[in-house]
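This briefing is meant to be read alongside the sequence and the coordinates. It goes from the whole chain to single residues.

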Amino acid sequence: IAAATSMPVASFDVRTWLASVHPSLAQYGDVLVGNGFETKDVLRTLTDSDLRDIGVALLGHRRQLILAV
């Protein structure tokens with residue numbers, strides 16, 4: 001039986017992803033990570049209300065984030 005080897009898993013970086021969606025969204029990287037939105041799966045659960053609660057005030061930015069996930 002061959003020993004299983006671990007393959008490196010490509011990590012997901014919220015800050016890099018935000019900047020790739022739109023440079024103006026990069027400012028929300030720390031607040032998203034600080035509130036536990038660090039993975040793609042968790043980001044997919046974001047709601048407009050969540051974004052308002054964590055300080056994303058601009059409606060256009062909230063819509064861009066929701067559409068991107």
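Predicted model: local features only at pLDDT ≥ 70, side-chain atom pairs only at ≥ 80, totals over all residues.

The secondary structure of the chain consists of five helices and zero strands, which follow one another along the sequence in the pattern α-α-α-α-α. The chain has 69 residues, of which 23% are buried, and its accessible surface comes to about 4,800 Å², with 56% of that area belonging to carbon and sulfur atoms. Among the contacts between residues at least 6 apart in sequence, 42% join residues at least 24 apart.

**Nonpolar core**

- The largest nonpolar core has 13 residues, and those with the most contacts inside it are Leu-18, Tyr-28, Leu-32, Leu-43, Leu-51 and Leu-65.
- Helix α1, which spans residues 14-21, supplies the largest share of this core, namely three residues.
- Leu-18 touches Tyr-28, Leu-32 and Leu-65, and its contacts also include Leu-25, Ala-26 and Gly-29, when residues up to four places away in sequence are not counted.

- An α-helix has 3.6 residues a turn, so residues three or four places apart point the same way.

**Val-14 and the residues around it**

- Val-14, which is found in helix α1, counts as buried because its relative accessibility is 2%, where the limit for a buried residue is under 20%.
- With neighbours within four places in sequence left aside, Val-14 is in contact with Leu-32, Val-33, Phe-37, Glu-38 and Leu-43.
- The C-alpha atoms of Val-14 and Leu-32 are separated by 7.8 Å, although these residues stand 18 residues apart along the chain.
- Lys-40, which lies in helix α3, is 26 residues from Val-14 in sequence and 8.3 Å from it in space, C-alpha to C-alpha.
- The relative accessibility of Lys-40 is 46%, so that this residue counts as partly exposed.

**The aromatic pair**

- The structure holds one aromatic pair, formed by Phe-12 and Trp-17, whose geometry is tilted, with 6.2 Å from centre to centre and 50 degrees between the planes.
- The angle of 50 degrees is classed as tilted because planes under 30 degrees apart would count as stacked and those over 60 as edge-to-face.
- Phe-12 is partly exposed at a relative accessible area of 26%, whereas Trp-17 is buried at 16%.

**Helix α5 and its two sides**

- Within α5, the buried residues include His-61, Arg-62 and Leu-65, and these three sit on the same side of the helix because they cover an arc of only 100 degrees around its axis.
- Arg-63 and Leu-67 are exposed on the other side of α5.
- The buried residues of α5 pack against α1 and against α4 (48-53).

- Arg-62 lies in helix α5, which covers residues 59-68, and its relative accessible area of 7% places it among the buried residues.
- A polar atom of the Arg-62 side chain lies 2.7 Å from the backbone oxygen of Ala-57.
- Apart from its neighbours within four places in sequence, Arg-62 is in contact with Asp-48, Leu-51, Arg-52, Val-56 and Ala-57.
- His-61 is likewise found in helix α5, and its relative accessibility of 12% makes it count as buried.
- His-61 touches Ser-24, Leu-25, Gln-27, Tyr-28 and Val-56, with residues up to four places away in sequence not counted.

Note on methods: Residues numbered from 1 in each chain as written. Heavy atoms only, no water. Core = buried A, V, L, I, M, F, W, Y, C linked by side-chain atoms within 4.5 Å. Buried < 20%, exposed > 50% of the residue type's maximum accessible area, 1.4 Å probe, protein only. Helix = DSSP H or I, 4+ residues; strand = E, 2+ residues; numbered from the N terminus. Contact = heavy atoms within 4.5 Å. Phe/Tyr/Trp six-rings, centres within 6.5 Å; stacked < 30°, edge-to-face > 60°. Polar contact = N/O pair within 3.5 Å; in protein donor to acceptor, adjacent residues only side chain to side chain. Areas by Shrake-Rupley, 256 points an atom, 1.4 Å probe, with all protein chains shown as cover. Arc of directions from axis to C-beta.
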